[in-house]
Amino acid sequence: MSILAMIVETAEAHADSAALPFAVRAALAKVATAEDAPAAAAALGDAIAMAETMATGIEAACKDMRERFAMILQELPAKALPVEGRHHTYTISAARDGVRITDIDAIPAELMRQPPAAPDKAAILKLLSTGVPVNGAILSNGGAPSLRINARKST
């Protein structure tokens, strides 16, 4: 399978997804009309970046709506709770007691957790990279490459 075919197949696998906003589905549809693999890859990357930007905005909006809705529910009289929605029930519950540390140095030693010993990966990497063997460790290639998307500045 050619690179262009793989790019188009990736876009087509999600182009009809009802979970994606129309603008993202439209951007995915443009992948199939690209002239060559680099143009198709750019179109696919643009669709991914658009979806991730929208997801970030949606996540922030949902967080704000949730906080506001919680405040609204707190204002309702107790007999009005729970609120019955079409598919969900909404109510408010009291927060659990917690601890806020104001002076960590004043906490008694018996109330402090001791972190377990952990390998010094930086020191081990330095040794392994120079050919010095370390029992219980091997040099790794870091795993599979990951996709990184950066926004370009407007021109």
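Ala70 is partly exposed, with a relative accessible area of 24%. In this predicted model, Ala70 belongs to helix H3. The value of 24% is not under 20%, so Ala70 does not count as buried. It is not over 50% either, so Ala70 does not count as exposed. Ser93 lies 23 residues from Ala70 along the chain, and the two C-alpha atoms are 9.5 Å apart.

Helix H3 itself covers residues 37–75. The helix has 39 residues. From first C-alpha to last, H3 reaches 57 Å. That is close to the 57 Å expected at 1.5 Å a residue. Asp36 caps the N-terminal end of H3. Here a side-chain oxygen of Asp36 lies 2.9 Å from the backbone nitrogen of Ala39.

Which residues of H3 are buried? They are Ala40, Ala43, Leu44, Ala47 and Leu73.

Helix H2 packs against H3, and their axes come within 8 Å. The axes cross at roughly 170°. An angle over 145 degrees counts as roughly antiparallel, so H2 is roughly antiparallel to H3. Several side-by-side residues make up the contact. From H2, the residues are Ala23, Val24, Ala27, Leu28 and Val31. From H3, they are Ala40, Ala43, Leu44, Ala47, Met50, Ala51 and Met54. Four of these H3 residues, Ala40, Ala43, Leu44 and Ala47, are also buried.The loop between H3 and S1 contains Pro82. The peptide bond leading from Leu81 to Pro82 is cis. Its omega is near -5°. Most peptide bonds are trans.

Confidence in the prediction can be stated for the chain and for its elements. The mean pLDDT of the protein chain is 89. Of its residues, 98% reach 70 or more. Among the elements, H3 has the highest mean pLDDT, at 93. Strand S1 has the lowest, at 88.

Other residues lie outside the helices and strands. Glu110 is found in the loop between S2 and H4. Is Glu110 buried or exposed? At 67% relative accessibility, Glu110 counts as exposed, because the value is over 50%. Glu110 and Gly131 are 21 residues apart in sequence. In space, their C-alpha atoms are 43 Å apart.

The segment after helix H4 (121–129) holds Ala151. Ala151 is exposed, with a relative accessible area of 79%. The C-alpha atom of Ala151 is separated by 41 Å from that of Arg96, a residue 55 positions away along the chain.

Arg148 is also found in the segment after H4. Arg148 is exposed, with a relative accessible area of 67%. Along the chain, Arg148 and Met50 are 98 residues apart. Their C-alpha atoms are separated by 14 Å. Met50 is one of the H3 residues that meet H2.

How values were computed: Residues are numbered from 1 along each chain as its sequence is written. This is a predicted model: local features need pLDDT of at least 70, side-chain atom pairs count only at pLDDT 80 or more; totals for chains, interfaces and linings use all residues. Side-chain values use heavy atoms; hydrogens and water are left out. Helices (H or I, at least four residues) and strands (E, at least two) are DSSP runs, numbered from the N terminus. The expected span of a helix is 1.5 Å times one less than its number of residues. Buried means under 20% relative accessible area, exposed over 50%, partly exposed in between (1.4 Å probe, protein chains only). A polar contact is a pair of N or O atoms within 3.5 Å; within protein, one must be able to donate a hydrogen and the other to accept it, and residues adjacent in sequence count only if both atoms are side-chain atoms. pLDDT is the predictor's confidence in each residue, from 0 to 100. Axes are lines fitted to C-alpha atoms, for helices over the stretch in contact, and angles run from 0 to 180 degrees between N-to-C directions. Angles under 35 degrees count as roughly parallel, over 145 as roughly antiparallel, 65 to 115 as roughly perpendicular and the rest as oblique. Contact means heavy atoms within 4.5 Å.
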